Structure formats: C-alpha cells, structure tokens
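Subject: Structure handover

Hello,

Here is the structure we talked about. Please open it alongside this note, which walks through the findings.

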Protein chains: 2
Amino acid sequence: MDVVHDLSAALPGLVQTDPSVLQMYRADRSGHLALGTALAVVHARTVADVQTVCRIAHEHRTPVVTRGAGTGLSGGAIAGAGEVVLSTASMTRILEVSPDNRLAVVEPGILNGDLNRELAKQGMWWPPDPASKDISTVGGNIAMNSGGLLCAKYGVTREAVLALKVVLADGRLISVGHRTVKGVTGYDLCALMVGSEGTLGVIVEATLKLRSVVSGTVATIAAYFDSVGDAAAASAAITAAGLQPAMMELLDRRTLECVSRYTGVDLLSRGNAYFLLQCDGPGAESEASEMAGIIRDAGGRVEITTDPETAQALVDVRRQVFPSLEAMGTLLVEDIAVPRSQMTEAFAKIRDLESKYGVMIPTTCHAGDGNLHPSFVFSGESVPDSIWAAAGELFAHALALGGTLSGEHGIGLLKRRWLGDELGAVQLELQRQIKTVFDPYNLLNPGKVFDPVPAPLVDSVTL
Amino acid sequence: MDVVHDLSAALPGLVQTDPSVLQMYRADRSGHLALGTALAVVHARTVADVQTVCRIAHEHRTPVVTRGAGTGLSGGAIAGAGEVVLSTASMTRILEVSPDNRLAVVEPGILNGDLNRELAKQGMWWPPDPASKDISTVGGNIAMNSGGLLCAKYGVTREAVLALKVVLADGRLISVGHRTVKGVTGYDLCALMVGSEGTLGVIVEATLKLRSVVSGTVATIAAYFDSVGDAAAASAAITAAGLQPAMMELLDRRTLECVSRYTGVDLLSRGNAYFLLQCDGPGAESEASEMAGIIRDAGGRVEITTDPETAQALVDVRRQVFPSLEAMGTLLVEDIAVPRSQMTEAFAKIRDLESKYGVMIPTTCHAGDGNLHPSFVFSGESVPDSIWAAAGELFAHALALGGTLSGEHGIGLLKRRWLGDELGAVQLELQRQIKTVFDPYNLLNPGKVFDPVPAPLVDSVTL
C-alpha cells in the first residue's frame, strides 16, 4: 500500500493529488521552487486529522511539509517530489478568547489579520506584526518566530506565545508551555518550538498572550535626509537616548527611486533617505517631540502629525515599497540584522556590493531593531550565482558586525548553507541532534534549516 | 589520579576541600540539604577555568554542580557526595555596557543588584526583579528564568537575555542567541538555556537586553479588603480591564497575622487582605486612578499616593512578609501559578488544605501574574511527609486550574517528583533526551529537575 492510498482511505475527501494543485505547493513567496511536485496535499480540519497524517507518513517514512498560507520568504514551506503537504490552512477556529486572562486559544490556520479583527472587538490584540499579517497564518507566524514593524517596542512572536499543542513526527500529541503568564517547569520547549520552521513538530493549537489595544493619540514623524548614513545615525541616537517608538523605519535612496518610479511621485527631490516613526501610548506626543528634536539635530527635515489622514500618507510611502520593488524585476529579499549602532556600516557595505556586483540592492530597514531588508533585484526566475555571492558577502559582513543572517524571515532552504557560519560547528551539531530527538527519521520538513545530512540519521531504518 | 588532584594541579589556588567550606554548599535557601558533602569547590575566575573544570570532571565522569550565590529556593544548586561544585561567584565583571544597543555583557557571578546600580548611572536597568536581587547572581537568575514583582509589565528573565556563552559538559564553548534584537537562525538555544537549572551547560557570559530607567511619577495604591477573595476579584478585574500595573501584590489574612506579630503593628484591624499596586510610566497617575476605582467597586479601602515616603511605608508591608514568616518556624515556600481568573479558587484551596492538614499556609501572590507563594510553616529541619502531601494536593489543584507547579522558583530537587504530572510522559521523555544531547554522561547537576534515571543514560561508558 502506498502512503497516498492510506491517507485517502483514512481521511476521505481531504487528500488532493491533482498535479495543478500540487504545483502551487512547490512555491512560497521566496521565489524558490521545489524540485518536482509533492505526492499529495492533505487538508487537515482537526488535531486528530494531523495526528493521522503524521502517523501514516511515519509508518511509510514519508516526509511531511507542514504549510499554512505559504507566505514565507525563505522556502521553508515548499514541497516537492516524495513529500506530503500537510495543510493546516483550514484549521481557522478561535477556540477561546479570555479577556480575564488576556489570552486567546486558536487553531494554527487562522490569519493573523482575521484574528486581530476579532480581538479588536474586545479591545485586545496579538502583537506579532509581519508585513504579511493579512495573508499569513498564526501557525506560520509561530513556526517562523515572525517579526514585523512593531518588534522593538512590542516584541517578537516568541514573547506572544504562552503555550502550544504540537503533533510529533509519529503522530503523538504534546502540550508545551503554560496557560499562565509565568512558568518554569522543565525546559522551555514552547520557546524551542517557536521558530523551528516545521522541523520539530506540527503546531495544532496555540495559546496566545494578548495585549490591550493601545488607545489615545498616535504621533507620526516622517523625515527626509541627505544621506542614509545621517538617517541611520538619527535612528541610533534615538535608541541610545532610550526612546522607544512603536515603529521606526528607514528607506534608502535606491528604495525611494523605485517608489518614485512606481508611484510617479518624485520623492528624490525631497531627499536621499526616508525615516518614518510612530509613537503610541500615554506619552506619545511628548516622546515624538523629543525624537523630532534628535532627528533635526542629525540633519533631518521633519514633518510631525497626529492627524490620522496625514499620518496615513506618510506611512503609505513605506507600504508602497514592496509593490515598487516587485515592479523592478525578480527579488531576493534579504533579512540581516545588526546591532543598532552598526546600521550605517551595514548600509555602506550594501552600497559597496552594488558597485562590486553591478546589482541594485534597494534596502529598507526596521531601524528600531537593526533589521535590514536588502532586496537584490535581478531578471529571470532563479537567483543568479553572482547574487548569491553578493548575498554571501553581505551575510559574512553582518556576522562580522555582531549581527545575524536572519532577523525575521528564517533559514528555510535559502540560507541553510550559511547557518553553520553563524552557529559554529559545535552548536550546529547540537541543533541537529535536537532535531533527531524530535524526529529521528528526519520526516518533518527535511532539508529545511539544515543542509541534508550526508549519512542517514538513523542506522536501523527498515523501509 | 583522582579528580580533585587533577583539578588542583590544573587550577592551583582555586580548589577548596575544607569540610567546613563544603558544608555550606550542601544547602541553598530551599531548606534542603544534600546527602554528604561535595568533593571540592572550584572558584572559577575565567571562561577558561570553567572549561578546565568541565573537561577534567568529564574525563573522570564526575558530576558538576554549578553555583552562583546559592539563593535558589528549589534545591537546584546544592551539592553532595561525589560531586564537584563549580562556583562562578567570582566572575563578577561587567564586560561591556552599550547604551547605543541597549545591552550589557556580563560575567555570570555579578549580583543583580550590583549590576543594576551600575546601569542606573547610565539611565538603564535590567528588568528581572526576583525578591533576592540584592543577593542573587545574574547567572543564577538566568539559570532559573527568575521572575519577581515586575514580570506582568516587564517580562521574565527569558525576555531580557539576548545571548549567552555556555560551556558544555565536556568543556567545549558555544555561543547561543544574538547581539541583535531579533534573530531567527536555527533553534532558539538561548531560550532553551534560560531556566535549564544548570543541567545543560554552564553559563559563563550573558548579553543582557536593557531598558531605560522608567522616569516620572510612580503612583502607589494600597487597599485593605474584608476577604482575600474580594481582593483577588479586584485584581482579576484590573487585568480584565486591560490595565497594567508595574507591581500588583496580594497578601492574605494569614500573612497579615504573621506581619502583625513580627512588627507589632496591628494590620488585622484594617482588613483581612492587603492589596498593593504600583503604576509607572507616562500614564501612571491616570492608570492608578482607574485602578483605584475598580478596587473601591470591589470593596477595597483604598489609599493612593505619589509621595515616595508614604509609598515606601505601603511597600514595606510587603517587604516585611518573609522576615515575618521566617520568625514563625521553618518554611516550605511554594510557587504555583494559575490563570489570573482562578486566583480566588487557588486561595480557597489553600484554606481547605490548612484545615485538612492542620498547617499554617500564609500566602502572598504576584497577582498580576497569578503566581502564588503559599508558605507551609512547620517546626524542625526537614519537611514532614504531611506537608509534602499537602503540597502535592496543592500542585494537583494548580494543574487542574490550568496552572503550573512553579511560576518562578524552578524544579530543582524539591519538585522533580511532580514534573511528569505537568509535562506528561511523552514530553518528559523528550526533555530527558534533550538533556542527553547536551550531557550524555549526565554530569551537569544530575538529579536536579529530573528524577534520577533508573537505567544508565549511556550504555558504553568506560570509567
């Protein structure tokens, strides 16, 4: 009996094998395509369905690629030949919202935006704020430890997850974490699961830590600078002064060129870098005023507003970045993070790489986090070797500055070859062994995060 | 050659074997005593010293108990027969403070209070706030994922650690985590290491995430209630309203009895429960005023102040709790946490247990977290079986309420027998296997967190 037969028999109506359907699962938003197509996609509706998929796949030693909305940027959720796609996109229920305990219990397939619209009715929100929030799932946000625009003030996904139910590779179910705010019983497997990119287990339920919607005036600041270095210095000065905007974004000249071309509005006459901040909470206006002073001192031409419509126009410049870049060609969107005092250095390196490799690298930056998104623009479908060489040089530079390969997009397929450069050989081996503890047959999203292992992980597999 | 000889030869002047010295390392603040005394204590000064201790102990297959200040409440840092104590208490240097990056790099032995006094000079602080902060080490805070009074607003230790250097059981050194605010390269071994109670590796350097000192007015609220249930309901209503005090503490009648007896001030004439809150930040006064309204509605008799001296007197009632309890007898200080809506239930159970077991259990509560510290009072040195029975019943009740065995004190020796009740057999086994990945010979703090394993973890050890 083959695995697809067994899956179809156990889960009638939930298994698709239509090649045109499977074709979709070869890709995510990374631009990377899996080799071949998956054997089948299973649309799980319940925890029990997920357990059944894992149990059957485990019996057949068939790899399982868990997938939410497929909005990832690192190739972490793409599935190819010999693999089964386990889609949790249909598991979209909100199981509980507890204002008393400031938590919600949800299924993994609910979209972040849908959840937050529901929570807003009760004056609450779940802070993770990836740019994809309207189209990405909560389960995917957790699997990737998503970041976004609001992390510096409101934290990353890890800080917003209290507990998880997880189906293991063999179909067993565990509960990790706590329903309480604090809890220190044993190792923190909930934190370990966050960001594990589908390689340790399948997240089937999440208990989320909520915040109250931030009320009151929001102050928005926008500033144009003559140079991105000056803007980065202003950002660093704001951080060094201990000020905490909710959002602090930086766009370089190359990005402004793309946005100007796309929108027809000449932003370049205003400056060579765009700096956008928002302050919220009870001290918003006085904090914004202090920040505006720092920005002016650093040479920025400042506009400051508490009017929502004016603010929207200022924020729209940032929102138009990705459509503008996509109109320029194919993109490799990168994701380094550096200590916040090193952003100027990182921007300088990107300019060097543009010259050296003859490539356009418009770069936006979550400046409150030191998280840069250099987008390598090229033509054609697959990333040319020269672009990978430039990216590799960028990663090495980020590490040399005390930074990281990936601030928020994850490793997936695209960055696994550099993982050891950051972790070192000893830690990399420990991480592989942790993977083996959870998934001894290497069935959960194999080849993602880690390079394929040269020797089999398990000696005594009888297939 | 024996292990002590090799250690003394490699680290001249750093190894003590004086029985009166070793006697001290049999205990921590849990009241638990190790069986026998350790072979030696080694006072490491450097990372290289720690590596040497681990390498030599590993060669001899000798267990190593890492120890900071020994202020733990769960027996996690006590050492007995056949073990070597690795003290990091002398590694107290601040290696770097970066206001630009809001981080500090420190050695593990520095006291939390000493660090924060230094950071305050630059307008910054490290938020973990255990009651022991003036006498506990940063390394110990990290090893236990310490909580404290300010967690609900400012998070637990895990959220305040960016990166760690860790010496493995065999002496190798790894770096986990990131110097950046965000980073998602591979599994989050930094979070895994936080709270691992010395069982996975020895923390030798920590990169800490700092906050700006919160400036401005602090508003303090104190209220007496007729019943602890009413006070717990007020606390739950504040949480449910989405308000976020920096501190929210609750003392029951039994605790007020002890404080009254200790201080000679009759608090019982004022009420049967004491509720203490502090608000900070730009909205402090208006938030406090809103909270005071909720407290009055719940039947509390409210005093509210922004005067530091008056506030100090209100906070002192809380500070006098532990000296007052210690004057009553020997204590088993417990540490359950429950969902915040369940605190009234938890207090009711504690009253039941007092009657059923004929024991006094004064209880204080970090009410913003649902974290209760029921202190079982008894006479004599070791915990009587009946007290353990009562504690066991309390733990079962906490779990039934959706809570946890330990909000912030950890498992150590004292609670390991209940760990499986919370984690379940499957997760417990995964946790043991993770331990084996890091420490295949079970040399790092063996017997802590997990019950001793019946069979050897490694088959092929040749001693």
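First, a definition: a polar contact is a pair of N or O atoms within 3.5 Å. Within protein, one atom must be able to donate a hydrogen and the other to accept it, and residues adjacent in sequence count only if both atoms are side-chain atoms. By that rule, chain B and chain A share 33 residue pairs in polar contact, both residues being at pLDDT 80 or more.

Some ground rules. This is a predicted model: local features need pLDDT of at least 70, side-chain atom pairs count only at pLDDT 80 or more, and totals for chains, interfaces and linings use all residues. Residues are numbered from 1 along each chain as its sequence is written, chains are lettered from A and ligands numbered from 1 in the order in which they are written, and side-chain values use heavy atoms, with hydrogens and water left out.

The interface

Contact means heavy atoms within 4.5 Å. Chain B brings 77 residues to it and chain A brings 76 residues. The buried area is about 6,100 Å², with 61% from carbon and sulfur atoms. That area is the accessible area (1.4 Å probe) that two parts lose on being put together, summed over both. In chain B, the residues losing the most area to chain A are B:K182, B:V184 and B:Y187, together 16% of what that side buries.

The rule finds six salt bridges across the interface of chain B and chain A. Each is a side-chain nitrogen of Lys or Arg within 4 Å of a carboxyl oxygen of Asp or Glu. B:D369 forms a salt bridge with A:K182, where the closest N and O atoms are 3.0 Å apart. On the chain B side, α16(B) gives the most, with nine residues.

Helices (H or I, at least four residues) and strands (E, at least two) are DSSP runs, numbered from the N terminus. Two strands pair if DSSP finds at least two bridges between them.

One open sheet in chain B has five strands in the order β5-β6-β10-β8-β9, with antiparallel pairing. β5 (94–98) and β9 (173–177) of chain B are at the edges with a single partner strand each, so one side of each has no neighbour in the sheet. The twist averages 15° from one strand to the next. Six bridges join β8 (161–167) and β10 (202–209) of chain B. B:V167 sits opposite B:V202 in β10(B).

Helix α4 (112–120) of chain B lies across β5, β6 (103–106) and β10 of chain B, at about 40° to β5(B). Axes are lines fitted to C-alpha atoms, for helices over the stretch in contact, and angles run from 0 to 180 degrees between N-to-C directions.

The seven-stranded sheet

Chain B also has an open antiparallel sheet of seven strands, ordered β15-β12-β14-β13-β17-β18-β16. β15 (301–305) and β16 (330–333) of chain B stand at its edges; each has a single partner strand, so one side of each is left without a neighbour in the sheet. Here β12 (219–225) and β14 (273–279) of chain B pair in the antiparallel sense over seven bridges. B:A222 stands opposite B:L276 in β14(B). Helix α9 (253–263) of chain B packs on the sheet, and its direction makes about 85° with that of β13(B). Helix α10 (284–297) of chain B also packs on the sheet, at about 5° to β12(B).

Best wishes
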